[in-house]
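Hi everyone, thanks for making the time this morning.

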Amino acid sequence: MSDTPVLRLSGISKRFGPLRANDDISFDLKRGEVIALLGENGAGKTTLMNILFGHYVADAGTVEAFGEPLPPGDPRAALDAGIGMVHQHFTLADNMTVQENIALGTQSLWRARLDRASVRQRIAQLSADFGLAVDPAATVSTLSVGERQRVEILKALYRDARILILDEPTAVLTPAETDALFRTLKLLVAKGLSIIFISHKLHEVMAVSDRVLVLRAGRLVGECETASTDRKELAALMVGQEVKPAEVSPANVGAPLLVLEGVSTAPYNGAALDDVSLTLSAGEITGLAGVSGNGQAALAALIAGTQRATGGRISVAGREVAGWSPRVALDHGVARIPEDRHAVGTIGDMSVTENVIAERYGSPRFSRMGFLDWKAARHFAEKIIADYDVKCPSPEARIRLLSGGNMQKLILGRALDPEPAVILASQPTRGLDVGAVAYVHRMLLAARERGAAVLLISEDLEEILALSDRIIVMSKGRLSTPSARGERSIRELGELMAGHSGERSDAA
Amino acid sequence: MDALEILFTASFWVAVIRIASPLIFATMGELICERAGVLNLGIEGIMTVGAFAGWFTVYSGGDLWAGVLVAALAGALFGLLHATLTVPLGLSQHVVGIGVTLLATSLTYFTYRLALPEVTSPPKIEPFQPLAIPGLSNIPVLGEALFTQTPLTYLAFLAVVLVTWVLYRTPVGLAVRAAGENPSAVEAQGISVTGIRMGAVVAGSALMAVGGAFLTMSAFNSFFFQMINGRGWICIALVVFGSWRPGKALVGAILFAAFDAYQIRLQQISGGIVPYQVFLMMPYALSILALILVARRTTYPKALMIPYQKGER
């Protein structure tokens, strides 16, 4: 076997405005090798891969595939050179079938007729060879996330990809689907493909890769053989310092603060709620695990008041509340950390000050006789910026300009400052780097210490396990029985997430 | 004749198909644009351009089919303007579309005045004549309705077949549908989203212009101002009514034409008791009703009206 690398990146640099997304990055990829590209969110991993694939044009540097230079900014050239990419956000047309998505762009555009028979045959062959089961005639919108990912991999293989780039492939998968993906990757490598695996999850990197490249703030800060390193060393490289996980003291559970009894809703970003009962008690963090789209969004929207219940009762501190709405929820001390901080959490083109008073601009603190008290509002914004260590140019800056982590800190400050009785935290650390994650965790734990009831909805099982005093799994709009900290194993939770009943999996 | 009997006469259905023809062309044109992700509100103006360009070619001594071709090219040109502004430059499709309609309409009227400064009554041309298809046209009612039309009507039906074939059976159709649903899927497979979208808008605009030309070269024999009279806007609604599918949009166009033909006949037999405006309103009112009933649960192209900029973050 020749020693020529299948892929060589030299001196790649790319800026977005003042941000240095990639700074002089060089590395080689060998045949049959799995490289893990490890780094926090915002370290530049995705940017680098998008340059490699031709979505972005680098400011400097070159890419060579199989010894030949790749022209910049040309995805077609990358495809033709045998580079396949599975994007974090799938690039599938939901209205078309699996077969059509795979065939897209593989036949001359000016053919009078799409040759479906040969496409079907080839997909069947590839599915069988690599254990990627998927129905070619199914419309993509009906597929699960795991199936869509298989379609993405098939798309690359269909084009004879020799190099496969996977961008955060496990972010959306259940533990079982992740295992299946890893088995597929092993098969691919055995057939001589080379893989670049992008992740910020250390245990996955340790499990699949031969070599690890660590990116931090756009620079390549470390490179090591997976066999000769460990998670601790990689974490330190990734963050640039030792990260201490938040320490959790035993819970001091008090009275029930928010009680849902038999509530149902219409579907909302996924499944509907189906006769769900849930009690959130003072001084306790309740973790809600589950694969996204199983009703978490509906539950969060219901508690926040943005979606109405079609049945059931909501009580706060022992009294039933009729006409639940966002305003009523806020007035009853329910603070929200919404799932999508850009769409729901903030108004991008309004200032930091305007955003932090958005939930309470009518309170006497910020308004006098119907006029806003801008001085008080600005003081409040400055206080949150200082207390929550938000990096932002000024309270007048448009919130759009802030990074995800800083935006999240502002939302956290806005939600926690009035010392709410109930905290609804939906995916509070999604897309944040390790430092910011630890900060959010500390704040949630501090709220618990002072006696707040916290509902933590997260797709990150490690986060759920680390913080929750009680874990509930959501699947197809229903809740599992709760389990105490440490009671169920990851495997048991995974099976609940996949929709199997916990009792039966114990017997198996 | 009473109101129900009308529905069973061949002459009524002949009129329905004639009224539907320009709508079919333009609806197919709009459908292509929207399937690729571009809302083309230039349709009303582009139809006006087509109506004039086709008619004027024939009036200046050109062949009828040359007129159709010139209309299509003129439409394609305005489509190119629309596409350049909305696709690579990513400007608001609403604003550009309305701008193109205003520009195309005014430019047409201006050209008409420049070319024919002297005329008081609109000059006439010899339009397309009905062409009975031997055999088929002898089938009672249905055969007569469908097969005693002008060649341009047959072309309209052919356009539906062609658009359906291209969208669902060819590689380029796949790319068009994907561009309207998720442009990054197109980009990731090495196809230029800009190219696909611009091509769709240009081709769609050419079809719209032929729809306009039908009015001056087949339905009537002269060009006059305001003759498109909102037909373009109707076609935008027909695309929604048809859930962005050519076959269903065709049904919608025929349905609307039937309402329209019916109200004209109702006016004649109503004897002036009901104000005629009520009948004029009827097709539009029924269209709104049909939209409410049919299009409520439709799934529209997800990337419709969202400009795609490569390499943006």
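**A short walk through chains A and B**

Let's start with P175(A), which counts as partly exposed because its relative accessibility is 27%. On the terms here, buried means under 20% relative accessible area, exposed means over 50%, and partly exposed is in between, all with a 1.4 Å probe and protein chains only. Before going on, please keep in mind that this is a predicted model: local features need pLDDT of at least 70, side-chain atom pairs count only at pLDDT 80 or more, and totals for chains, interfaces and linings use all residues. Residues are numbered from 1 along each chain as its sequence is written, chains are lettered from A and ligands numbered from 1 in the order in which they are written, and side-chain values use heavy atoms, with hydrogens and water left out.

Back to our proline. P175(A) lies in helix α6 of chain A; helices here are DSSP runs of H or I with at least four residues, strands are runs of E with at least two, and both are numbered from the N terminus. Leaving aside neighbours within four places in sequence, P175(A) is in contact with L461(A), G494(A) and M497(A), where contact means heavy atoms within 4.5 Å. From P175(A) to E152(A), 23 residues apart along the chain, the C-alpha atoms are separated by 19 Å.

T184(A) is found in helix α6 (residues 175-190) of chain A as well. Is T184(A) buried or exposed? T184(A) is buried, with a relative accessible area of 7%. Not counting residues up to four places away in sequence, T184(A) touches F130(A), G131(A) and L132(A).

Now to a loop in chain A. N252(A) sits between α8 (231-239) and β11 (256-265), and N252(A) is exposed, at a relative accessible area of 67%. Beyond neighbours within four places in sequence, A282(A) and G283(A) are in contact with N252(A). The C-alpha atoms of N252(A) and E359(A) are separated by 30 Å, and these residues are 107 apart along the chain.

Let's move to chain B. The UniProt record, an unreviewed entry, places the feature "transmembrane region" at residues 6-26, 38-58, 64-83, 95-112, 151-168, 198-217 and 273-295 of chain B. Positions from UniProt are given in the numbering used here, feature names are shortened, and annotations may be inferred rather than shown by experiment. What does the model have at residues 64-83 of chain B? That span is 100% helix and 0% strand, with its end C-alpha atoms 28 Å apart. Residues 95-112 of chain B are also 100% helix and 0% strand, and the end C-alpha atoms there lie 26 Å apart.

Next, how do some of these helices pack? Helix α2 (residues 43-59) and helix α9 (residues 193-219) of chain B pack at an angle of about 55 degrees, with their axes 6 Å apart. Axes are lines fitted to C-alpha atoms, for helices over the stretch in contact, and angles run from 0 to 180 degrees between N-to-C directions. α2(B) and α9(B) are therefore oblique to each other; angles under 35 degrees count as roughly parallel, over 145 as roughly antiparallel, 65 to 115 as roughly perpendicular and the rest as oblique. Among the contact residues are G50(B), G54(B) and W55(B) of α2(B), and G211(B), G212(B) and T216(B) of α9(B). The contact divides into 10 nonpolar, 6 polar and no charged residues. Here Ala, Val, Leu, Ile, Met, Phe, Trp, Tyr, Cys and Pro count as nonpolar, Asp, Glu, Lys and Arg as charged, and the others, Gly among them, as polar.

A second pair is helix α6 (residues 151-169) of chain B and α11(B), whose axes come within 9 Å and cross at roughly 155 degrees. α6(B) and α11(B) are therefore roughly antiparallel to each other. F157(B), V160(B), V163(B), T164(B), L167(B) and Y168(B) in α6(B) meet P246(B), L250(B) and I254(B) in α11(B). That contact has 8 nonpolar residues, 1 polar and no charged.

On to α10(B), where the buried residues include G232(B), C235(B) and F241(B). The buried residues of α10(B) pack against α1 (10-35), α2, α11 and α12 of chain B.

Last, a backbone detail. Most residues other than glycine have a negative phi. S243(B), which follows α10(B), has a positive phi, near 50 degrees, and S243(B) counts as buried at 12% relative accessibility. M305(B) has a positive phi too, about 75 degrees; M305(B) lies in the segment after α12 (276-294) of chain B and is partly exposed, with a relative accessible area of 36%.
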